Amino acid sequence: MAVCPNCGGMLRFDIRSQCMKCDSCTSTFDPYSFQYGNSAEESTEYDVTVFKCPQCGGEIYSTDQTAAGFCSYCGSSSVLEGHLTREKRPELIIPFKKTKEDCKSIFKKFTKRAIFAPADFRSEGNVDSFRGIYMPYWLYDISQGGQINVPTSTSHRRGDYIIEDHYMCSGEMDSMYNGVSYDASSSFADDISNEIAPFNVKDITQFSPSFLSGFYADVADVPASVYEDTAVELARESSYNYLKKNSPMSTEHFEKSKTEVKSMMSTQINAERSAMFPVWFMAYRQRKRVAYATVNGQSGKVSSDLPISIPKYLLCAGVIATILFFILQLLFTILPSTLLVVIAIVSVIGAILYSSEMKKICIKDNHDDDMGLQSRMEQKRKSRLEAQKGATFGNETEAYVLTERDIRNNKRRKAAQKKHEKRGSNAVFIVVLCFILVPTLIHIFGGMIFALSKGASFIGTILVLISLIINIALTATSTRNIKDIESKKGISSLIWSDIGLAASLAILVFKPVSDIYYYAAAVAAMLGLLITLIDLMLSYNLLATRPLPQFELYKGGDDRA
């Protein structure tokens, strides 16, 4: 903790002046004018207070020793336990440029467009809980060189002939990518860090603990090696796009594939540097889920999980549906059989949205899109597996046991591997099966189409049949995803839509005389669709929020800034 040389008051980093400012006498000082400790390790380590959340076990760090009372990662309002420790110093830092008032103003403008967001999500008290946290990043300096030879061609018509001209695009590549950044904290989701990017490295400076005074920082727990391949691929992709757009032959056809061209680029990482970037962070708790809102502390760019208020949404949807119903009643007269077809098409659209949402929730809940956290989880998984074999770690409290998540992820991994291994044999099997079944299916459907054309509406029946087949396939897909979602239990709600569509198809095939059968099938299909839509809205809040941080996977917490 820095102390004012004039009055002995506490010094904090002031964003507007970019200096250390005294809370008591308002004197300002250069952040680099203070020395922290006299240890020989000063160049590589610094003293910090680590605050630990008793709810989620998250940890966050600060040079201040003041008590913390709010965790930004799980949203709990409990006093965080603090103790002094030493941490490795990052090399670089981008100081905060946006003040807390700037952050609150930016976020309020952002949420004005979120008309269905819960009222307390946008409340003054909740917005005031934004905390300034320095997030760790890895910076990669990448160079590319070597000879590039790309055959290209162009063609044009002359009379009855098509003339092709072939050229060789050659040149020496000499490009640099400095400061390619990826977040180095497993508690900071990759999708959030991508959405608030980029950070402008023109403001980067040498790290000093003074910049942390009045703020908090997460610690890098993801190795630099995790993002090396991703950074190299980004450099290659950028160079290829530049070559395609700016080379003398940019208007011509490259005769080699993108992969072949990128493989010619001799790309290597010259340096890996640790840095801290400024982020304003807020957590909004919804029972066993949490929504995060983040603001780039340099540029003001916002990323936010936006849950919806179900009552607000239903009220608005009900009003719009009522207005549309009366307008359509005045303009159109819908026959009972046509009504079944319309409901079937709408049901398919709802099923596609539902299945897509289940897939996204599955990816988010299992962190499949977060490379940093995946690397941490893999380390923990290996530790647990070793513990199950009787391995010891010098301290029995450090041993782990297999969790349900480990077992579920192992099953998913084995299933994916088995599917990959059988892909070749399955392809042969499918081809053989098609030669046997396709003629039979054509015969069956031909007879079915002839029968339907004699009775019910041919086109309408076919549309409902196709809708039912698509719905059943999506039901199976969404059911598989639901099994992998820890926060969602039960079967896919699309099963009710399947039942309604099956009833509609039966009515169109047998074509009863009384309209009451058509309306009964329409009601069944509408109920199935309604159940799907309600579950879709409920599931959206799962997609717009995240599982609470897990004790053994996350480091993070926080208080004021």
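Me: Which residues are linked in a network of salt bridges?
Reply: This is a predicted model, in which local features need pLDDT of at least 70 and side-chain atom pairs count only at pLDDT 80 or more, whereas totals for chains, interfaces and linings use all residues. Residues are numbered from 1 along each chain as its sequence is written, and side-chain values rest on heavy atoms, with hydrogens and water left out. A salt bridge is a side-chain nitrogen of Lys or Arg within 4 Å of a carboxyl oxygen of Asp or Glu. The residues linked in such a network are Glu233, Glu237, Lys258 and Lys262.

Me: Which parts of the chain does the salt bridge between lysine 262 and glutamate 237 tie together?
Reply: The closest N and O atoms of lysine 262 and glutamate 237 are 2.9 Å apart. Because the two residues lie in separate helices, the pair ties together parts that are 25 residues apart in sequence. Helices (H or I, at least four residues) and strands (E, at least two) are DSSP runs, numbered from the N terminus. Glutamate 237 belongs to residues 228-246 and lysine 262 to residues 258-263, so the parts are helix α4 and helix α5.

Me: Is lysine 262 buried or exposed?
Reply: Buried means under 20% relative accessible area, exposed means over 50%, and partly exposed lies in between (1.4 Å probe, protein chains only). Glutamate 237 has 24% relative accessibility and therefore counts as partly exposed. Lysine 262, at 10% relative accessibility, counts as buried.

Me: How many residues in sequence separate the parts joined by arginine 273 and aspartate 141?
Reply: Arginine 273 forms a salt bridge with aspartate 141, with the closest N and O atoms 3.0 Å apart. Arginine 273 lies in strand β13 (residues 266-286) and aspartate 141 in strand β8 (residues 131-158), so the parts tied together are separated in sequence by 132 residues.

Me: How far apart in helix α1 are glutamate 101 and lysine 104?
Reply: Glutamate 101 and lysine 104 form a salt bridge, and their closest N and O atoms are 3.7 Å apart. An α-helix has 3.6 residues a turn, so residues three or four places apart point the same way. In helix α1 (residues 100-111) the two residues are 3 residues apart, which means that their separation is about one helical turn.

Me: Which category of accessibility applies to lysine 104?
Reply: Glutamate 101 has 51% relative accessibility and therefore counts as exposed. Lysine 104, at 8% relative accessibility, counts as buried.

Me: How many disulfides does the structure hold?
Reply: A disulfide is a covalent bond between the sulfur atoms of two cysteines. Here a disulfide is taken as a pair of cysteine sulfur atoms within 2.5 Å. The number of disulfides in the structure is 0.

Me: Which cysteine has the sulfur nearest to that of cysteine 22?
Reply: Cysteine 4 is in no disulfide, and its nearest cysteine sulfur, that of cysteine 25, is 3.7 Å away. Cysteine 22 is likewise in no disulfide. Its nearest cysteine sulfur, 3.4 Å away, is that of cysteine 7.

Me: How far apart are the end C-alpha atoms of helix α11?
Reply: The expected span of a helix is 1.5 Å times one less than its number of residues. Helix α11 (residues 458-483) has 26 residues, so it should span 38 Å. The buried residues of α11 include Gly460, Leu468 and Ile482.

Me: Where is glutamine 18 found?
Reply: Glutamine 18 has a positive phi of about 55° although it is not a glycine. At 23% relative accessibility, glutamine 18 counts as partly exposed. Its place is the loop between β1 and β2.

Me: What is omega for the cis peptide bond that joins alanine 197 and proline 198?
Reply: Proline 198 is found in the loop between α3 (190-196) and β10 (205-206). For the cis peptide bond that joins alanine 197 and proline 198, omega is about 5°.
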